There are 2 protein chains.
Amino acid sequence: VNTALVLAYAGENYHGWQRQLGHATIQELMERALKKIWHETHISGCGRTDSGVHANVYCASFKGLSSVPLERLPFALNSHLPPDIAVFSALAMDDDFDARFSCRAKEYTYFVRTMPGREPFSVRRSYQLPRKLDISAMAEAASFIEGTHDFTALKNEGSPRKTNVRTVFYCNVYETPDGVAVRVGADGFLYNMVRNIAGTLVYAGLGKLSPEDVGTLIEERRRDMAGPTLPPEGLFLTGLTYEKEALDACINAAKARRPL
Amino acid sequence: VNTALVLAYAGENYHGWQRQLGHATIQELMERALKKIWHETHISGCGRTDSGVHANVYCASFKGLSSVPLERLPFALNSHLPPDIAVFSALAMDDDFDARFSCRAKEYTYFVRTMPGREPFSVRRSYQLPRKLDISAMAEAASFIEGTHDFTALKNEGSPRKTNVRTVFYCNVYETPDGVAVRVGADGFLYNMVRNIAGTLVYAGLGKLSPEDVGTLIEERRRDMAGPTLPPEGLFLTGLTYEKEALDACINAAKARRPL
């Protein structure tokens, strides 16, 4: 059976999703938990997340016939996982389903704490920038990110992709109790794209870039004009769309447990 | 100069306040930071906190003439401390001031998450008990805890104290977005007293004890009748009173940064 898992994890103690020799990663812990209750298998994740990045919702898939009934699989897996990783649902999928390649859209949210002073309780879950940010300038700049563009200016070097063109469905900036958040939904993301979008919008909020500059730097593919790659601790994967009714319903249920 | 520091720390990565061989503790990290900017000294803390317990506000004191001006001391210390420990203020105090012995009252808050399902983002900052709790029964039981009593029934074995009599100024139960919190203010606490109060009130919320039982078990010093010692991750030190105007103002400012 081809199985999809809906899960979530707090990323501060992990080196991201993807298995890495000598580092604790979510993929490795998930595969190890699956091995304990069934047997060795490869789990495919909806995306790599960098070290320290969080997933308020995540999807993974694997193939094989499990001896554990699907409805008991989340409980069984959780009993072999550390408490900062939680599996919420397991669903049987068509044979051609893959958590990464079947994903139609993702949403990330980047949190910036702008209040002055070090905050021990949020330091691993937001970027601490004790500066005043002009939210309306950020929102105006964000409108230049929406749409279908070549996002070469907003990616870092990583595995090469066939194309740097992506469609950003929305890029919203909103106030939070302790600062600002940037929420981006797209059909796909280039390497470090959200952290670069957040860094570029923060530059707009600081007046270092005008909103129109953001349009220009995308159009002219000027990585050098864009803002910095903000650190991983502010980044959360907050949404996934597969256009598969049962799976999307489970993903939305997982999101609803803790709206970000 | 006798100096008081107002600080806060997220406790999940530490073995509490008090120095312990082979374990990371807040006291050790604070003394090490102070040594880096000045010289070796002993720091006195307002109380021991157990491994994994959090301090939304904490007070420590030390004696000695610092070469760093007091107003720059928080910044200087923070630069030598991990980001989940934050020093907010430093004040000159009278010679007889001691963070532990001068403390007139403390407040702790215990958080219980009652929503079903494992929650990766709050698992180290609240006790996960996916059960329905009767909050009004808990509040009624809490009223028996208020006042001056011998709290032998609600302490665990620890360093012996001259007396087990303490005055609880208030013991309130309130709803939170994901469950219930118990807030207790007292002139002092016995070993594990708040975690035992929380466990006893949870028993009342589950119907395992009646509110009146709580009055009886305190009066009759029946530790065996009381509820369990709840785990450390739900416990936060949330308030301190010294009846020293400037210090109390700094403590209240630290509390206001993140009302719990």
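Which residues in α3(B) and α4(B) meet?

1. Basis. This is a predicted model in which local features need pLDDT of at least 70 and side-chain atom pairs count only at pLDDT 80 or more, while totals for chains, interfaces and linings use all residues. Residues are numbered from 1 along each chain as its sequence is written, chains are lettered from A in the order in which they are written, and side-chain values use heavy atoms, without hydrogens and water.

2. Helices α3 and α4 of chain B. Ala137(B), Met138(B), Ala141(B) and Ala142(B) of α3(B) meet Leu201(B), Val202(B), Ala204(B) and Gly205(B) of α4(B), contact being heavy atoms within 4.5 Å. By class, seven of these residues are nonpolar, one is polar and none is charged; Ala, Val, Leu, Ile, Met, Phe, Trp, Tyr, Cys and Pro count as nonpolar, Asp, Glu, Lys and Arg as charged, and the others, Gly among them, as polar. The axes of α3 (residues 135-143) and α4 (residues 193-206) of chain B come within 7 Å and cross at roughly 135°.

3. Helices α3 and α5 of chain A. The axes of α3 (residues 135-143) and α5 (residues 211-219) of chain A come within 7 Å and cross at roughly 25°. That makes α3(A) roughly parallel to α5(A). Ala137(A), Glu140(A) and Ala141(A) of α3(A) make the contact with Pro211(A), Glu212(A) and Val214(A) of α5(A). This contact has four nonpolar, no polar and two charged residues.

4. Largest pocket. Its volume is about 1400 Å³; a pocket is an open set of points on a 1 Å grid over the protein atoms alone, with protein on both sides within 12 Å along at least five of seven lines, and lining residues have an atom within 4 Å of a point. Of the 38 lining residues, Phe121(A), Arg258(A), Phe121(B), Arg125(B) and Arg258(B) are the closest to its centre. The lining divides into 20 nonpolar, six polar and twelve charged residues.

5. Largest cavity. The structure holds one cavity of 30 Å³ or more, a cavity being a set of grid points where a 1.4 Å probe fits but cannot get out. The largest cavity holds about 110 Å³ of space. Residues from chains A and B line this cavity, including Phe121(A), Arg125(A), Glu12(B) and Arg125(B). By class, the lining has three nonpolar, three polar and six charged residues.

Note on methods: Grid points are joined across faces, edges and corners, and a volume is the space filled by probe spheres set on the points. Axes are lines fitted to C-alpha atoms, for helices over the stretch in contact, and angles run from 0 to 180 degrees between N-to-C directions. Helices (H or I, at least four residues) and strands (E, at least two) are DSSP runs, numbered from the N terminus. Angles under 35 degrees count as roughly parallel, over 145 as roughly antiparallel, 65 to 115 as roughly perpendicular and the rest as oblique.
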